[in-house]
Every structure is written in structure tokens, then in C-alpha cells.
Amino acid sequence: MSTLLDIQDLRLSFKGLRGITDVLHGISLSIAAGERVALVGESGSGKSVIARIVLGLLQETRSARVSGKVGFDGAEINTMRPRDRAKLRGTEMSMIFQDPTSSLNPTFTIGNQFAEVMRRRDPKLSRAACDARAIEMLTEVSIPNPDRILENYPFQLSGGMNQRVMIAMALVNHPKLLLADEPGTALDVSVQAQTLRLMHDLVEKHGTAVLFISHNLGVVREFADRVYVIYRGNIVEEGPTASVFHNPGHAYTRALMDAVPRITGAGLPEVPEVSDAFLAPMVRHDRGAA
Amino acid sequence: MSLLTVDNLSKSFSVAGGMVHAVRDISFAVERGECLAVVGESGSGKTTLANMLLGILSPTSGSIRFDGTELPAKRRASHRRAIQFVQQNPLSSLNAKRSIGASVRLGLDTYQIGERAQRWAKVEDALEEVGLPREMRHRAPSALSGGQRQRVGIARALACDPELVVLDEPTSALDVLVQARVLRLLNDLRTRKKLTYIFITHDLAVVRNVADRVAVFKSGQLVELGETAQIFTAPKHPYTRSLIGAVPVVDDAELDLRNRLAKGT
Amino acid sequence: MTRALRIIASNPLSLVGLILVLMIVLAATFAPWIAPFPTHNSAVIDFAFANSAPSSRNWMGTDLVGRDIFSRILYAFRISLVLGVVVLIIATPIGTIVGLLAGYLGGWTEAVLMRIVDVFLSIPPLVLAIAVLGVLEPTLTNAMIAVTVMWWPWYARLVYSIARSEREEGYVLAAEVIGASTTHITLREILPNCLPAIITKMTLDMGFVIIIASSLSFLGLGVQPPTPDLGSMVAEGARYLPDSWWMTVFPGLAILLAVFGFNLLGDGLREVLGAEE
């Protein structure tokens with residue numbers, strides 16, 4: 001398998017009124033073509049900024065300092081010209097956000113928004129061709145009456161529907177990499193479960209690689225092939241999903257696992273306060289050692 | 001006698017194009033000292049129910065009896081002290097422009113609890129009780145983490161010395177480790193202060209570990225009510241089974257149980 | 001406080017505003033000591049120097065009866081500032097209370113209070129003030145009353161819009177469930193969240209009140225001679241344009257600088273106070 005995303009020693013700091021804050025302390029993370037990789041961590045761990053660096057958005061923020069290597073499909077995102085980075089977004093890589101309804105534009109119909117996305121890849125595409133392709137994609141995400149949905153505005157659809165539209169739109173240009181930041185967290189649990197299953201099947205079918213960013217261990221377990229655990233800007237554990245979940249090696253990962261309430265009713269765990277063990281070196285699992 | 005009895009409670013709202021029946025003809029009772037989980041998805045009516053219990057909304061029909069007396073639609077302050085509230089969002093539930101001590105003190109001033117001169121000491125006691133340092137009362141909410149803010153929210157509710165606490169998704173906005181600590185704190189406080197909880201949540205894994213009984217709501221109706229152990233070994237209603245089937249799980253034992261319960265065998 | 005100063009200082013325009021406002025306040029406060037001719041704030045006549053162009057004796061020239069324009073501008077700043085402060089000190093609390101009650105209570109209270117506010121807002125401010133002064137005698141006190149009458153509704157509307165969105169916040173709900181009184185919720189919970197916007201608007205409004213007051217006295221409806229006022233000085237000098245340009249230009253510049261200074265400072269404050277949230 002060839003490496004699609006290759007992040008090496010990525011560092012990020014922000015310059016603010018109170019001086020410099022370090023957010024990422026040398027992250028290395030790679031995703032092979034077609035691989036589903038999860039990045040798990042708590043709020044403030046730095047997991048969400050990684051997606052914004054891969055998209056090349058933070059490099060253009062004045063207060064942010066990014067260093068290290070972010071290789072994508074043979075190119076280097078960090079040193080790319082802003083215009084070239086912009087060309088990649090929505091074509092070679094796309095993104096799904098936490099709240100589907102607010103990330104779609106309320107003033108345009110779904111059909112309009114599909115056409116806009118598709119014309120990023122091929123500006124000469126006719127509207128009829130766009131609509132035909134959009135209907136095809138909406139059918140793939142099991143939306144009934146896709147031709148009617150194209151005429152609708154996002155606020156006319158339920159949260160679950162909008163999430164499916166987002167997934168269809170994110171995949172319509174056949175991106176090589178999909179970045180999903182806490183997808184479906186704003187939705188009901190049963191809707192979230194359905195859409196994640198749908199997304200899983202779809203990226204498998206299209207061979208799309210996914211960087212799945214989440215705080216929810218259960219969701220990660222069901223979605224990802226491989227897991228990175230991030231704590232305070234450092235990767236603390238990496239390995240195949242089954243291996244990490246059966247055999248968490250790092251103290252922080254173990255604390256996270258213990259803290260999740262179980263439906264089998266094991267009671268409420270005693271959770272350690274932040275301990276030095278959380279800062280222990282990274283634990284790496286062998287591939288295929290599940 | 002039950003601490004809280006809800007009889008044939010309904011609430012409808014008129015909206016453009018008709019009526020929305022948010023809560024339909026619900027009856028249940030909450031015993032002293034128990035934790036009743038109210039479970040449902042968005043639109044299930046669980047928030048409307050909470051707002052009626054708290055006296056923020058008045059019921060369209062039906063009655064709410066607390067400690068033997070029926071609560072009037074327009075509630076006076078004297079009716080309010082015994083039923084308190086912890087909100088989901090720890091960020092907006094505290095006033096950014098006031099110290100957290102001032103927020104916690106509000107209940108003490110409103111109900112004239114303790115001598116005026118001793119109230120700051122009582123505020124500090126309340127903070128200590130939820131695991132926060134006493135001197136934190138001078139801080140602004142912006143200086144606190146999400147978990148600390150939620151502890152302040154709990155301290156503010158408990159400062160009124162309530163009997164029933166309505167917890168509206170109290171840990172949904174928190175990180176996993178912080179959630180575990182806050183849940184333990186809530187459990188400890190319930191035993192220590194002999195409190196009764198109505199725990200509103202969508203997270204069934206949390207419910208399994210904190211609740212004595214579970215009430216499942218769907219589209220404003222109570223579809224299943226039972227002991228927690230019973231709900232998680234033999235759920236009766238298909239909707240309850242589908243809710244359990246959607247829970248994200250982390251270990252194999254859970255996965256087995258979930259798949260077994262979802263299938264209904 | 002040091003942080004606030006640092007933010008203001010980091011923006012050159014708001015620093016200019018702060019310096020201008022400080023200079024005007026100092027000039028007004030110490031007018032009797034700074035002014036070269038402190039007696040020229042009254043009906044003094046000095047025909048020997050009447051209508052003379054700016055010189056080393058009279059930096060901004062003199063008016064028709066020989067009074068030093070620079071000295072009179074310093075005294076006029078006093079009147080303008082006092083007028084601005086008095087108007088805002090009366091108008092702001094009235095508007096704030098109306099806005100808080102309408103925004104928090106909603107329902108009938110909101111409907112009645114805000115319609116009254118709308119009525120005031122629909123009348124052009126200068127027209128309303130002229131009407132008031134047409135009925136009352138044109139004096140400094142009445143000018144203040146007139147300006148106050150047309151000023152409070154703007155605060156009512158500002159505070160109303162903030163209070164209405166704050167009403168939905170969790171901390172208001174928490175106070176209601178605890179059983180806190182309306183007085184507590186409006187004054188202790190919601191008001192502190194309105195203060196940054198109110199203070200910013202007050203700073204900006206100092207400039208506008210000075211303009212309106214000057215306009216009134218320009219029309220002969222405000223401060224009466226011989227008390228020096230920027231508006232009436234411009235009006236008086238306008239008759240002798242362009243030959244005796246200094247009679248108009250310097251008081252006009254003074255109005256401009258005052259308004260400009262308060263506006264820049266207000267914009268700077270908005271940033272400082274907004275950043276604290």
C-alpha cells in the first residue's frame with residue numbers, strides 16, 4: 001500500500017498576547033491509500049488543528065507557526081503556494097464537519113451546492129451533468145427521491161439527511177483523502193450510528209482514505225482500521241484498532257478506556273488525576289498483531 | 001409516599017400550521033433517594049418534561065405533585081427551592097461577568113439560608129463539597145475548565161439544599177475522563193446528601209451505571225419504564241432495543257450484549 | 001487595566017483618540033489657567049484688537065468685539081463636555097432600565113415599552129430638540145433636557161437587543177430556577193453583560209452629543225451669548241466668511257477634533273471590552 005498522507009515531526013505554535021503557546025510537539029502520522037485512520041483525543045489535545053493543517057488552512061493564519069513535513073500524494077503541503085493548496089481542497093481532499101446543518105450554506109439549494117463543488121474539479125461541467133452525478137451520489141447514501149432533494153434548502157432537511165448530503169458532497173469529486181472531524185456528534189445516537197455505517201461502506205467502496213477525528217472511543221472502534229491516540233499535542237499510542245482496544249499499552253489510553261461507562265454495567269471507574277505516566281513515551285503496536 | 005408524582009401530564013405548543021404535542025399524557029412517580037434516568041432522542045419531549053418539572057413551562061393538562069402537594073402552574077419562590085437544576089452546557093450556564101462565588105451564593109441569598117455574614121463561608125463549603133478549592137470563589141468562569149464549571153453548576157444547585165435535582169445531560173459536553181469524575185461525584189453526593197435525581201440523557205452507557213430506573217421517551221410518550229437491570233437484560237419495547245443497538249461500545253462483552261439485546265433474544 | 005492600555009496602544013488610531021480626548025478634557029478642566037485671556041469667556045469688549053487675524057498675541061485671532069478665540073474655545077469645551085456628561089448620565093440609566101425590562105420580561109411589557117421607544121426614534125433628533133426648545137425657553141438647561149429626551153431611546157434599543165439574547169442564556173435560566181427576583185436577574189445578571197456595549201456607546205455618543213448641542217446653538221436655540229459655545233461661535237463667524245475665516249474655522253476644527261477623538265476612542269474601547277468576553 002502506498003502512503004497517501006505522511007506527516008513527520010509536525011509542530012505547531014500560536015503567537016498570542018501572552019506569548020507563544022505550543023500546541024503540537026512533533027507529531028508523526030501516516031495514512032495509506034484507502035486506509036481508515038482514527039485520531040482519538042480529548043478537547044485541547046490538538047486533534048482538530050491537525051485536520052486544518054492537512055487542509056493547508058492554518059499555514060495561512062498569521063498567528064500560527066507550522067513546521068515539519070506534511071506530505072500528501074507526493075507533494076509537500078507546508079511549502080506549497082497558497083493557491084495550489086486551495087486547489088487541493090474539495091478536489092483531492094475534502095472535509096466533513098461536526099454539525100452538518102450549519103456547514104451547508106442555507107441560502108443555496110442542495111443542487112446548487114453540489115454543482116459548485118463539482119465545478120471546482122471541472123469548471124466546464126454543465127448543470128445537467130452535475131445534477132445527474134449528484135443524484136447518483138445521493139442514491140449511494142440512501143437518500144430517497146434524490147431529484148427532489150436537489151431542489152431543497154438545507155434547513156428543509158433533518159440533521160441526519162444533511163449529514164448524508166454532506167457525505168455525498170464530500171465524496172462527489174472522488175477525493176483521495178476525507179477528513180472527518182467529529183462527524184455526527186451533533187446528531188442523535190441512532191442517526192449517528194446509521195450515517196457512520198453508511199460512510200464506512202461508501203469510503204470502502206470508493207477506496208477513499210479517511211482521517212477520522214473523534215473523542216468517542218466506541219465510534220472509533222467501529223469505524224477505523226488503525227488508531228492514533230493523542231494527548232496534549234503528542235501521539236501516545238498507535239496501532240491497529242483491535243490491538244489498541246484489546247491491549248492498550250499507554251497509561252493514558254488505558255485511563256481513557258477505563259473511563260468509558262459500559263452498558264454491561266461495570267459501575268463507575270475510579271479515574272486517576274492527570275499523572276506523569278500520561279507523559280510516558282509512545283507505544284507502538286505491530287501491524288497484524290491484533 | 002413518592003417524592004414526585006406526575007399524573008397525565010401533557011404539553012402542547014401551537015406553531016404555524018397546527019399543534020405540536022411535545023409531551024402526551026405521561027404518568028410516573030419518583031421515589032425518595034432514587035435516580036430515575038429519562039432517556040430519549042431529540043424531539044422525544046424529555047426537555048419539555050424537565051422544564052415543566054422545574055416550573056419553567058406550565059403544563060397544558062395534568063398535575064405534578066411534589067412531597068404530597070400539587071405544584072401550581074405559576075410557581076412561587078417557596079416552591080422552587082426543593083427542585084434544582086444542573087444544565088448541559090457548562091459554558092453558558094455560568095454568568096461570564098460574575099465570580100463563580102457570586103453564582104453559587106445566589107440560592108443562599110434568595111432563600112435566606114444561614115446568617116448573611118456566614119454565607120461566603122457556606123459558598124466555600126459548597127465548592128469544597130464538589131471538589132473545588134475554597135479560594136476558587138473569586139475566579140471568573142473563563143478561568144475554569146469545562147469540568148470545573150460543571151462542578152460549579154452542581155455546587156450552585158446544591159447550595160439551595162434541594163431534595164430533587166433535575167440533571168439535564170450533565171456530562172454530555174465533557175471529555176471522557178472528566179465525565180467519569182463528574183459522574184462519580186454526582187453519585188457520591190446523592191448518597192451523602194440523600195438526594196433524588198432525575199437524570200436526563202441520551203447516553204445509555206451512562207444510564208446503565210448511574211440510574212436505578214429508566215424511563216424511555218419517544219415522540220412525547222413514555223414507551224418503557226423499568227428497573228435499570230431489567231432494561232439492560234430484557235428490554236421490552238422495540239424502540240428501547242433500537243436505542244441500545246445504536247450505542248457505540250468499546251469492549252467485546254459489551255458488543256455481545258448489545259447485539260443480543262438489539263435482536264431481542 | 002494594563003492590558004486594556006496595551007490593546008489601545010497597539011492600535012494607532014485609538015491611541016490618537018485617547019490622546020485627543022485627554023487633551024480636550026485637560027484643556028477644559030484647566031481653562032482658567034491655560035487661557036491667555038481668561039476673562040474673555042464673558043461679555044468683554046476690547047475694540048483695540050477687534051476682528052484681528054491670528055497673531056502671536058491671539059493664536060486663533062479675535063472675534064468682532066476683540067475677544068481671544070483660543071480662550072473662548074477652551075471655555076466652550078467645558079460647556080460641551082458638561083453638556084455631554086449630564087445628558088448621558090441621565091439618558092443612559094433611563095434607556096438601560098427600559099431596555100432591560102423590555103428585553104427580559106418580553107410580552108406586554110416589551111410591546112408597550114418598545115413602541116414608545118419607536119415613536120421617539122421615528123422623529124429626527126434635531127427636529128425633536130427644536131420642538132422642545134420652541135416650547136421651552138432656549139437656555140443651557142433646556143438644551144440639555146431637549147437632547148436627553150431624544151437620547152435615551154437609543155440606549156433602550158441597544159440594551160433591549162442584548163437583554164433579549166441574554167435572556168436565552170443558561171445562566172438566566174439557572175437564576176430563574178433558583179427563584180431569583182426580576183430585579184436581581186436584570187440588574188445583577190444581565191446588566192453586567194450589557195456594560196461593555198453601553199460604555200462603548202457612551203464614548204461614541206459624547207462626540208454626537210457635542211455635535212447636536214453645537215447644532216442647536218448654531219441655530220440660536222442652545223447656549224446663549226455671551227457664554228462661549230462652539231456652535232454659536234461658528235454661527236457668528238459664518239456671517240463674516242471668507243474674510244474673517246478664523247472666526248469659523250477654529251471653532252469648527254475644535255468640534256471636529258472633539259467628535260473625532262471620542263469616536264476613535266470609542267472604537268478602541270469596543271475592541272478592549274469586546275475582547276474580554
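## Aromatic pairs

Counting over all chains of this predicted model, you get 9 aromatic pairs. One of them joins Tyr153(A) and Phe155(A): the ring centres sit 5.8 Å apart and the planes meet at 15 degrees, so this pair goes down as stacked. The cut-off behind that label is planes under 30 degrees apart. As for solvent, Tyr153(A) has a relative accessibility of 29%, which makes it partly exposed. Phe155(A) comes out at 57% and is therefore exposed, the cut-off for that being over 50%.

Over in chain C, what kind of pair do the rings of Trp245(C) and Trp246(C) make? Their centres are 5.8 Å apart, but the planes are at 80 degrees, so this one is edge-to-face. Trp245(C) is partly exposed, with 38% relative accessibility, whereas Trp246(C) is buried at 7%.

Back in chain A, there is also a cluster to look at: Tyr231(A), Tyr252(A) and Phe278(A) are linked to one another through ring pairs.

## Where H6 meets H9 in chain C

Now for some helix packing. In chain C, helix H6 covers residues 125–135 and helix H9 covers residues 182–218; the two pack with their axes 11 Å apart, at an angle of about 50 degrees. That angle is why H6(C) and H9(C) count as oblique to each other. The crossing of H6(C) past H9(C) is right-handed.

Which residues make the contact? H6(C) brings Leu126(C), Ala129(C), Ile130(C) and Leu133(C), while H9(C) supplies Ile212(C), Ser215(C) and Leu216(C). Sorted by type, the residues in this contact of H6(C) with H9(C) are 6 nonpolar and 1 polar, with no charged ones.

Is Asp205(C) buried or exposed? Its relative accessible area is 3%, so Asp205(C) is buried; the cut-off for that label is under 20%.

What does Asp205(C) touch, once its neighbours within four places in sequence are set aside? The contacts are Leu88(C), Trp151(C) and Tyr155(C). By residue type, Leu, Trp and Tyr count as nonpolar, while Asp counts as charged.

Methods:
Residues are numbered from 1 along each chain as its sequence is written. Chains are lettered from A and ligands numbered from 1 in the order in which they are written. This is a predicted model: local features need pLDDT of at least 70, side-chain atom pairs count only at pLDDT 80 or more; totals for chains, interfaces and linings use all residues. Side-chain values use heavy atoms; hydrogens and water are left out. Axes are lines fitted to C-alpha atoms, for helices over the stretch in contact, and angles run from 0 to 180 degrees between N-to-C directions. Helices (H or I, at least four residues) and strands (E, at least two) are DSSP runs, numbered from the N terminus. Angles under 35 degrees count as roughly parallel, over 145 as roughly antiparallel, 65 to 115 as roughly perpendicular and the rest as oblique. A crossing is left-handed if the near helix is turned anticlockwise from the far one by less than a right angle, and right-handed if clockwise. Contact means heavy atoms within 4.5 Å. Buried means under 20% relative accessible area, exposed over 50%, partly exposed in between (1.4 Å probe, protein chains only). Rings of Phe, Tyr and Trp (its six-membered ring) pair if their centres lie within 6.5 Å; planes under 30 degrees apart count as stacked, over 60 as edge-to-face and the rest as tilted.
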